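I hope they are handy when you go through the coordinates.

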Amino acid sequence: MSTTQPTTAVGKAALFTENRVGASRLVKEFGRKIFPHHWSFMLGEVALYSFVILVLTGTFLTFWFKPAMGHTIYEGPFVPLQGVEMSEAYASTLAISFEIRGGLFIRQMHHWAALLFMAALSIHAMRIFFTGAFRRPREVNWLVGIVLIVLGMGAGFTGYSLPDDLLSGNGLRIIDGILKAIPLVGTYISFFVFGGEFPGVDIVSRLYSLHIMVVPALLIAVIAVHLIFVVYHKHTQWPGAGHTEKNVVGEPVLPTFAAKAGGFFFMIFGLLALLSGFFTTNPVWNYGPYDPSPVSAGTQPDWYIGWMDGFLRIIPGWTEFYIFGYPISFNIFSSVLVAGLLFGGLAIWPFVEAWLTKDYREHHILDRPRNNPTRTAVGAAGVVWYLNMWAAASGDLMAVFFHMSLNDMIYIFRVLFFLGPVIAYIVTKRVCLALQRKDREIILHGRESGQIIRLPHGEFQERHKPLNEDRLWSLASFESPQYIPAEPGPDGKISKIEKRRAKLARFFYEDRVAPVTKSELEAAHHDHGEVEQSRKDELTGSQQ
Amino acid sequence: MTSKQHTAEHGTQLEQVNGFTNPGLPEHTPRLTDISPAAERTTERQIAGWFILSMIGTIWFIVSYFLFAPDETMASIQLQNMMFGLGATLALFGIGVGLVLWGKTLVSGTEVAEDRHPIEGNEEDQAVALEILNQAKDESGIARRPLLRNTLIAAVAIAPLPAILVFRDLGPLPGDKMFTTLWGPGVRLCQDPGGVPREDRFIRAEDVTIGSAVHVIPEGMHESEHPLDEKAKAAVLLMRIDPKELNTDPAKEDWGVDGIVAYSKICTHVGCPVALYEHQTHHLLCPCHQSTFDVTNHCEVIFGPAKRPLPQLPIAVDSEGYLVAQRDFPEPVGPTFWEINTRETSEQ
């Protein structure tokens, strides 16, 4: 309770709030909470802000969108479609685009925000992975993040199917095909999802309640959990002078972080406004209403579904086989298995890595990607695997663009599906090790000074200067994971699983560049000092 | 110096890694706006400028609502959309850039260190929590009364079962719907009119020239209860190819008419319309996943993810010279499904 009575209006309002909700504790707790600043920490913010914009613009759209598949004949202002039979959903999407003032703008902003949301989520997840931010105590939040990506894909898919246009209708047709391919119950699931035969008259209203209620409610809940974890764990930070495992260095929420983050929200909002004003996305009026017979060439889904569609393109038909006449359509439902593989792999990696390296400690200082070559290489392999499938979803367009045979294009994707990740793993690991060697070089011999000296026997050399202690700390203060051979358990025996762990760990962690130690550096300086001294003797007076 | 002392007060612990000692937070280097009042004033004016730009953007949005009121042409709608975009971009970006500039240049830029707390509770917390849980266990008797516990678990476990019944009406059972289409003996082939409902236009065999392809629907489809559901199964692609180029299976000799052949347009992979016909090679290509079917060999799959050939619709010419179906498709159309081989499709 304050000792003096407030006199200003703000003061009175503050006291009113304080006496009813105890806001001072909140401000005390969070007002000076520290957020480290680095561009890579803003990716999650981009996702969060796009989500806020999605909710705002989406609510606007619900005021006019009619989630119904009753048939109507279009009589609106868009001439090319006048007199065409279509569903109410499609007609109302056209009305939002052409008759509601600002409707086109908001519709485009909703779609652009969805594309940005998924892009930000994906890149944010990559940042977490490559810096090892998923390590204890953040493994659970990493899992929560994966759930967010899956929910985001769900929100995107249920959303872009709503206008009932030709493109999204073909997308639903593919979903129908995948459902029907599920062994034993597929046909029934398809009939239950679509309310009978495809396309039926129910799917749009069903997707609508998922899209505007169930999925966003889940998203909001899971985002809340994600953020509570971020606050509770406090943010990770990059290695740097003064940064330790026991502190977090950065800017306080009030006022610095609030000003920057608030401004950043408006910048994202502005960016989406720019895109929506000047660049068309999803022009459903060009596609026409859904009709099961036509389809346009070059058809592809929104980018974040592309990798699964791409996989459907590269899997060969012989993977469908029959057991006693019953089909196992691996060429169809394996796209779901591939998704399971990706998200499952992401989910178990933190635990696999901890198990392999026997590192179960807390980590709040991030790894520079090069300082954990194995993890970075595994991540790069995953990214290449994903991107190859993703590119395959545009294989037909690429074939046209590069004047290549469509079939060759798909053969290339098939080969890269297996080979790409392996190459990416090997190359990335070697690049990381090389970069670590470069860091060693810089630490041991100092930075380039730009001063060229000439030795008496004619050799030119560049003089190197030692790093200052802050930079030295940022470069040298890391732990390098190493291969731990199989160790006996409490019973004095080496268990089978421990042997297996050691074998895997050896494959993954045997190649390593040891970090520079202080004594190594001193030894190097010592040698270097002697050389410098002798050079000085030789070059008396020639030094600048 | 001072900032290092400040840091120490905030509890930053020096650490050693690889023998190196953490040098502690570097001293804050003042920004231009921290030391030069002139620069501070300039920055202040710049930030205010961004906020004013934002206001201009908002006003522009409002003005363009009236100034660029669209008539019913696409160009006018597009123009207004662009002007809205311009106004909103300025309005939002102005606020954003102004705030970020403010945060970066005028608000204190000193980095602050905050201590982390242990994630887990301390021993006392853990002891108290354990005690509470034990107390709850004792007071409820959940451990002592296995009968109550087990019956409760069973009751909760089966309580959702009725939901399965309630959701049963999400859709009808498939029945024979996967095995039948609108095609049948004597059903005439009609040109697909696209989205505009029109009188059925039947097709005369002699009108189909060699090399042409026609998108076909069954007669009377628009009068059926769910035309789109029917079309999703019954869509057909009709082509006429020089009979010499066709390798016709002797058993299906009479399924075409002088090189006119009709195949289901629904891909056997995941159901996209196989809409691209290559005249030179007589290949049908699915634009969704690039399954390729060879029309000269009864639409066998020659490339891509599909497994089964496109079903052929046996056709004939009726007494008036129009193309008609001899019967329904001899096998199910569209994507593979579990029961696909469980019954013959109807002969009628």
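1. Strand β7 of chain B and strand β12 (residues 312-313) of chain B pair in the antiparallel sense over 2 bridges. Strands here are DSSP runs (E, at least two residues), as helices are (H or I, at least four), numbered from the N terminus; two strands pair if DSSP finds at least two bridges between them. Y263(B) faces Q312(B) of β12(B) in this pairing.

2. A word on the ground rules. This is a predicted model, in which local features need pLDDT of at least 70 and side-chain atom pairs count only at pLDDT 80 or more, while totals for chains, interfaces and linings use all residues. Residues are numbered from 1 along each chain as its sequence is written, with chains lettered from A and ligands numbered from 1 in the order in which they are written.

3. Is β7(B) enclosed or in the open? Strand β7(B), residues 260-264, is largely enclosed by the rest of the structure, because 5 of its 5 residues are buried. (Buried means that 20 or more other C-beta atoms lie within 10 Å of the residue's own; 12 or fewer makes it exposed, and in between it is partly exposed, with C-beta atoms placed from the backbone.) I260(B), A262(B) and S264(B) point one way, V261(B) and Y263(B) the other, and all are buried. In a regular strand, side chains alternate between the two faces of the sheet.

4. The largest nonpolar core has 91 residues, and L189(B), V236(B), L238(B) and A262(B) touch the most other members. Such a core is a set of buried Ala, Val, Leu, Ile, Met, Phe, Trp, Tyr and Cys residues joined through C-beta atoms within 7 Å. Its largest share, 6 residues, comes from helix α7 of chain A. Apart from this core lies another, of 68 residues, among them L61(A), F65(A), F105(A) and I365(A).

5. Leaving aside residues up to four places away in sequence, L238(B) touches L189(B), V208(B), A213(B), V214(B), V216(B), I260(B) and A262(B). Contact means C-beta atoms, placed from the backbone, within 7 Å.

6. α7(A) spans residues 166-180, and its 15 residues reach 21 Å from first C-alpha to last, close to the 21 Å expected at 1.5 Å a residue. That expected span is 1.5 Å times one less than the number of residues. The helix is mostly covered, with 14 of its 15 residues buried.

7. Where do the chains meet? 86 residues of chain B are in contact with 102 residues of chain A. On the chain B side, the elements giving two or more residues are α4 (74-106), β3 (112-115), α8 (227-234) and β11 (300-303). α4(B) gives the most, with 19 residues. This side divides into 47 nonpolar, 25 polar and 14 charged residues, where Ala, Val, Leu, Ile, Met, Phe, Trp, Tyr, Cys and Pro count as nonpolar, Asp, Glu, Lys and Arg as charged, and the others, Gly among them, as polar.

8. Strand pairing also crosses between the chains: strand β4 (residues 247-252) of chain A and β3(B) pair in the antiparallel sense over 4 bridges. G250(A) stands opposite V112(B) in this pair.

9. For contrast, look at strand β7 of chain A, residues 447-454. The number buried among its 8 residues is 0, so β7(A) lies largely in the open. It runs antiparallel to strand β8 (residues 460-465) of chain A, joined by 6 bridges, and Q451(A) stands opposite R463(A). The hairpin has 5 residues between the strands, and G458(A) takes a positive phi near 100°.

10. Now the record. An unreviewed UniProt entry gives "domain: Rieske" for residues 233-324 of chain B; UniProt positions follow the numbering used here, feature names are shortened, and annotations may be inferred rather than shown by experiment. In the model that span is 2% helix and 33% strand, with its end C-alpha atoms 17 Å apart.

11. Chain A as a whole has 19 helices and 8 strands. Of its 544 residues, 43% count as buried.

Methods. Contact = placed C-beta atoms within 7 Å.
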